[in-house]
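The exercises below ask you to work through a two-chain model by eye, and each is followed by a solution that goes step by step.

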Amino acid sequence: MADRTDSVETAIDVRAITRVFRNVKAVDDVTLAIPRGEVFGLVGPDGAGKSTLIRMLATVLAPTSGDALVFGHSVLTDPHHVKPRIGYMSQAFSLYGDLTVQENLDFFAELRGVPHRDMASRSKRLLEFSGLTEFRTRQAQFLSGGMKQKLALAATLISEPDLLFLDEPTTGVDPVSRREFWRIISGLHRDGITVFVATPYMDEADRCDEIAFMTQGRIILRDTPSGMKGRVPGRVIEVAVNDYRAAMPVLRALPCVHSLEVSGDMLRVLVSKDADACESTLRDALTGAGFTVRHVTPSQTDLEMAFATLIPTAAKNSDTSDADILAVPE
Amino acid sequence: MSWRRIRTLIWKEFVQISRDRAMLPILFIMPILQLVLFGYVVGSDVRNLNLAVLDQDNTVQSVRVVDAFTSSGYFTVSARPTSDAQLKDALDGGQAVVAITIPKGLGDAVHAKCAGQIGVIIDGSDSRTSGVAAGYASGIIANLSNQFYGAGGAAMTAGGVNAQVRVLYNPTMRAVNTMVPALLAFILLMSTSNVMSQAIVKEREKGTLEQLFVTPIGRADYLLGKLLPYTLIAVVQLTITFLVGVLWFQVPFRGSLLVTGGGLMLFMLAALGIGMIVSLMSRTRQQAQQTSMFLQMPQMMLSGFMFPIDALPKWLYILTFLIPLRYILVIVRANFLKGSTFVELWPQFAMMAAFSIGIFLFGLSRFSKRLAD
């Protein structure tokens, strides 16, 4: 049923989609195109409208206005051609807790019309790669959080969809299972499956081909992770000092310091322009104030810092004009 | 529509029911429990009423009067006051709900073939009991009167009433005979509308409904996948109720299984429609439960299920026409007790069909629109 021979190169083409819940614009005029085969990450605070956007794209929620084409088919007027091509994992566990692992897989395979001759081999393969083989006969409600999510993913994959919508799939999942989960997603990416994933975790966003930042129903930033970091004006310097809390106001007072954040027991300082000169300025200021400085070293910009720096400007711009922010830079 | 999907949904529903420890007893023990409760408690006949006897005559005739009351089985002598004051105390204190006073001179009056007097006093604080007691008492006295004076010589009167009542169809007036047929309809209403709306709302609550809507199933698939299992369960429940009613409670069945079954199936459409509407109005199972209860109350009260509707005030009586349970009750009761045929019952069938199909279609039309929101 998965037809990968069609010529549509854009997996998802979102056209001015809006969803209003009782006068609140949960999704506000979002336009977005996602190429086939990409792992696309959607980040943003709780209540930004990520789930609402995903639910509209997955055909379970009707847009108030606008439309989206999934492999060229409208989610509004032609959902029957969209559904067979997609898989959707909602934020909450949404399989049947009182059915066993195997029964859940069989159930969704039957509903999605997986040919009977393929069912056994597919579910065997999915159980193996999600590590659930030994839990086949266990009721889903008695699985751990991480296993539940892997089962949900397996159930979504049983029909071999071309496009996966994952809404915060690893929220509440332990770090080991999270890593495994992303190992599976990387595998899907290699198979050419398009993945649209909402995540609150920056390390997960970093593994996507492209990320978009959503807030108050709008997408205000979109870039590759490295592009996002590259847009940060200035450089990051890592400072290790004996009493970092007391050191923060001292650093903030310096003219070359743009912003800073705490990372473990160190400070990550964003400095404008000339990092080398600034390095010594920082060291001198701290020693002068009586701190013991362990080290001051240049470091990489991370996504967290990139968002902290870029969002205030982007949010301000999006009020006036959307176009230049949504445009993907070369 | 796809039979493969419907079959899968039905299979899933039965696996879930079989693993639900709360659901299984409810589905199969509830009908029996209801039958026993309604059959023995609500539907119990008024028997062994406590009787106070003030016999100031003490003749052969006065003893025969008391014997006539006790041997009927409806009355048991619980007090023998010796004065009017004591008699009043017995009634006030609840030792007796019915009292008879036999003034001096009854025996002489019977010998002289002239009118004798017996006083019957009934505690009216429970209107149902007192109504039945009054009926029994006047029946017994009328009977005695015939014995004392011969037929036609009804010179003894109780409260001025000398009724000759003949009850058709249910001559012993066993309440269970009208209760069991009604329960068939009521259980059907409960298990289809309640249980099905619970099952749908549960899916929404757990998020599985949303997951289903990403699969290619249509609303016809989904609905049939829900309707068929609960229809099948309802049929099993009906069979249990029917058999227990006929075999254990000895309720006569004089009608046709086809007319009864057909009527019940038609009524089920209404029940399913109500279930769908409830499931649309509710976000959580608790809400669904409360909504069902809210809808059930007027249905029980205004359909004639427990209380007669003929005496209702006019505006309330008009409302009863809007309740499909009303029509099916007439159909099943008439079928059980009178052996009525479809020809006699067609107005009820017509009204019920109109409502059932209307409610079902309304539920259906609202179903897909709001399901996933």
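**Exercise 1.** Determine how many residues the largest nonpolar core has and which of them have the most contacts inside it.

*Solution.* A nonpolar core is a set of buried Ala, Val, Leu, Ile, Met, Phe, Trp, Tyr and Cys residues joined through C-beta atoms within 7 Å; buried means that 20 or more other C-beta atoms lie within 10 Å of a residue's own, exposed that 12 or fewer do, and partly exposed lies in between, with C-beta atoms placed from the backbone. The largest such core has 106 residues, and those with the most contacts inside it are A:Leu57, A:Val70, A:Ala154, A:Phe165, A:Phe196 and A:Val269. Taking A:Ala154 and setting aside its neighbours within four places in sequence, one finds contacts (C-beta atoms, placed from the backbone, within 7 Å) with A:Leu105, A:Leu126, A:Leu127, A:Ser130 and A:Leu132. A second core, separate and of 55 residues, includes B:Met190, B:Phe242, B:Ile328 and B:Val332.

This is a predicted model, in which local features need pLDDT of at least 70 and side-chain atom pairs count only at pLDDT 80 or more, while totals for chains, interfaces and linings use all residues. Residues are numbered from 1 along each chain as its sequence is written, and chains are lettered from A and ligands numbered from 1 in the order in which they are written.

**Exercise 2.** Decide whether A:Ala306 is buried or exposed, and find its contacts.

*Solution.* A:Ala306 lies in helix H11 of chain A, residues 303–320. A:Ala306 counts as buried because it has 25 C-beta neighbours inside 10 Å. Apart from neighbours within four places in sequence, A:Ala306 is in contact with A:Met228, A:Lys229, A:Arg231, A:Val232 and A:Thr301. A:Gly227, 79 residues away from A:Ala306 in sequence, is 9.8 Å from it in space, C-alpha to C-alpha.

Definitions and conventions
Contact = placed C-beta atoms within 7 Å. Helix = DSSP H or I, 4+ residues; strand = E, 2+ residues; numbered from the N terminus.
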